[in-house]
Amino acid sequence: MNRLPKLLLVLLVATTFASCRAKTENQAAGSGGYEFPIEAGKYRILGIRTDNTDHARAKQNAESAIANNPNLKAMVGLWAYNPPMILSAVEGAGKTGEIQVIGFDEDPVTLKGIEDGKVHGTVVQQPFVFGYKSVEFLSALARGQSLDIPESNLIFVPFKAINKDNVGEFQAELNRIKAGNGTPPPHNKPDYDTSKKVKIAFLTNTVDPFWNYAEEGVRVAEPVFNAECEVYHPPNGTQEEQKRFIERKIGDGCEGLAMSPSSPESQTGLINKAVEAFNGNVICHDSDAPNSKRMFYIGTHNYLAGREVGRLVKEAIPDGGDVMIFVGMMEQLNAQERSAGVIDELLGKPIPEEIAKYMPKEEAPKPQAPKEEAPKEEAPMEEKPEEEPAPEPMPMKEEASDESES
């Protein structure tokens with residue numbers, strides 16, 4: 001065999017290996033069913049990298065993305081700890097300003113990065129409200145009181161985009177929450193009977209500053225609704241830790257549970273077991289488990305929040321470029337919805353009508369008027385030969401009358 005065929009064979013094997021490796025990496029990362037890269041006009045979405053809530057691995061993912069993608073222009077972190085890990089990797093590579101960082105949630109490092117001009121922006125939720133409203137709802141349910149819940153069983157809490165213009169104001173709001181002075185949201189009912197003390201639980205999916213704000217909401221709500229609420233943050237963010245906590249609460253007189261399931265599909269049986277044990281008083285927050293028997297969900301509309309992140313990406317790199325997405329676990333519904341929102345925004349897809357109805361009226365896309373049908377062109381009429389005019393009728397002769405004129 002001469003040298004040229006050998007060289008071609010080596011190149012073919014190397015290309016095939018690289019392609020298989022990239023595909024394997026995307027599958028291992030939990031790519032949400034997408035085939036990457038995705039060409040989205042002037043944007044190219046390289047993939048989704050997951051870390052199973054391991055912060056060290058999250059940073060390694062970011063470092064690897066920078067090293068392997070020289071044309072990378074934007075890095076998007078969809079869980080609270082992702083943006084700080086991305087920022088650390090970008091700074092370590094000496095690419096601050098060259099690679100734009102777009103985040104989710106309000107980690108202190110992310111907010112400081114926005115202040116310093118190292119992070120373009122982030123989309124924040126209201127975890128304080130998650131905690132407060134969970135205590136309100138579970139306390140009422142435990143006492144057998146009715147609530148006004150939408151037929152969809154979805155209660156969405158508004159989100160907000162934070163950039164350099166409003167980060168100072170937002171930071172002041174967080175400081176009030178940390179000082180125990182968070183502003184309680186409006187109540188679902190004005191006249192709860194809180195005479196009977198209730199015992200409930202609030203379960204998060206990991207340890208993170210985000211969840212500290214949720215716990216502050218719980219603490220503010222406890223005396224208002226005469227509730228005792230145990231808050232648990234799984235140290236390693238595992239399903240097993242959540243399972244052990246729920247099983248312990250089933251046996252200690254707990255009357256209701258609010259949880260953020262780490263893997264909704266594989267935890268359906270566990271959630272349904274809790275529903276049975278707590279007389280139906282189980283709700284989801286932050287991440288939903290819609291196929292379980294949970295009563296309802298309270299939290300962010302994660303798809304729409306993902307669309308907002310996508311808008312920040314377009315703001316940060318208006319001329320387009322390569323984009324990489326990072327998140328903890330794609331098994332979690334909020335990760336799936338947020339990443340789908342980012343991708344659809346960059347693809348320029350319209351927001352589906354069934355989702356747009358949850359948007360504020362001033363932001364919702366206006367319904368398009370039905371297209372008017374173009375008037376149909378009438379077929380030209382065949383020209384008929386001109387008819388000859390009919391002959392005029394002959395004048396009738398007057399007949400003589402039998403009677404003579406008098």
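Tutor: Start with P70, which sits in the loop between helix 2 (55-68) and strand 3 (72-77). Keep in mind as we go that this is a predicted model. Is P70 buried or exposed? P70 counts as exposed because its relative accessibility is 61%, and the cut-off for exposed is over 50%. Now look for D322: along the sequence, P70 and D322 are 252 residues apart, yet their C-alpha atoms are 9.3 Å apart in space.

In that loop between helix 2 and strand 3 you'll also find N69. N69 has a relative accessibility of 18%, so it counts as buried, since buried means under 20%. What does N69 touch, leaving aside neighbours within four places in sequence? Its contacts are L46 and M324. So much for the loop itself.

With that in view, step back to the whole chain. It has twelve helices and 13 strands. Of its 406 residues, 49% count as buried. Take the contacts with a separation of 6 or more: residues 24 or more positions apart account for 74% of them.

Most residues other than glycine have a negative phi, and most peptide bonds are trans. With that in mind, go to P37, in the loop between helix 1 (3-28) and strand 1 (38-40). The peptide bond joining F36 and P37 is cis, with omega at about -5 degrees.

Next comes D105, in the loop between strand 4 (100-104) and helix 4 (108-115). D105 isn't a glycine, but it has a positive phi of about 75 degrees. D105 counts as buried because its relative accessibility is 4%. N279 also has a positive phi without being a glycine, and its value is about 55 degrees. You'll find N279 in the loop between helix 9 (268-277) and strand 11 (282-285). Is N279 buried or exposed? N279 has a relative accessible area of 70%, so it is exposed.

Rolling a probe the size of a water molecule over the atoms shows where empty space is left. The structure holds one cavity of 30 Å³ or more. The volume of the largest cavity is about 150 Å³.

Two packed helices are described by the angle between their axes and the distance between the axes. Helix 7 (residues 209-224) packs with helix 5 (residues 127-142) at an angle of about 35 degrees, and the axes are 6 Å apart. The crossing of helix 5 and helix 7 is right-handed. On the helix 5 side, the contact is made by P127, F128, F130, G131, Y132 and V135. Helix 7 brings a list that includes F210, Y213, A214, E216, G217 and E222. By class, this contact has twelve nonpolar, two polar and two charged residues.

Zoom in on E222, which lies in helix 7. E222 counts as buried because its relative accessibility is 14%. Not counting residues up to four places away in sequence, E222 touches V135, A227, E228 and C229. There's also E136: E222 and E136 are 86 residues apart in sequence, and 8.4 Å apart from C-alpha to C-alpha.

One last stop is N302, in helix 10 (residues 302-316). N302 has a relative accessibility of 2%, so it counts as buried. What is N302 in contact with, once neighbours within four places in sequence are left aside? Its contacts are F104, Q125, D286, Y297, N334, E337 and R338.

To go back to where you began: P70 is exposed at 61% relative accessibility, whereas N69 is buried at 18%.

Note on methods:
Residues numbered from 1 in each chain as written. Predicted model: local features only at pLDDT ≥ 70, side-chain atom pairs only at ≥ 80, totals over all residues. Heavy atoms only, no water. Axes fitted to C-alpha atoms, helices over the stretch in contact; angles between N-to-C directions. Helix = DSSP H or I, 4+ residues; strand = E, 2+ residues; numbered from the N terminus. Left-handed = near helix turned anticlockwise from the far one by under 90°. Contact = heavy atoms within 4.5 Å. Nonpolar A, V, L, I, M, F, W, Y, C, P; charged D, E, K, R; others polar. 1 Å grid on protein atoms, 1.4 Å probe; cavity = no way out; pocket = protein on both sides within 12 Å on 5 of 7 lines; lining within 4 Å. Points joined across faces, edges and corners; volume = space filled by probe spheres on them. Buried < 20%, exposed > 50% of the residue type's maximum accessible area, 1.4 Å probe, protein only.
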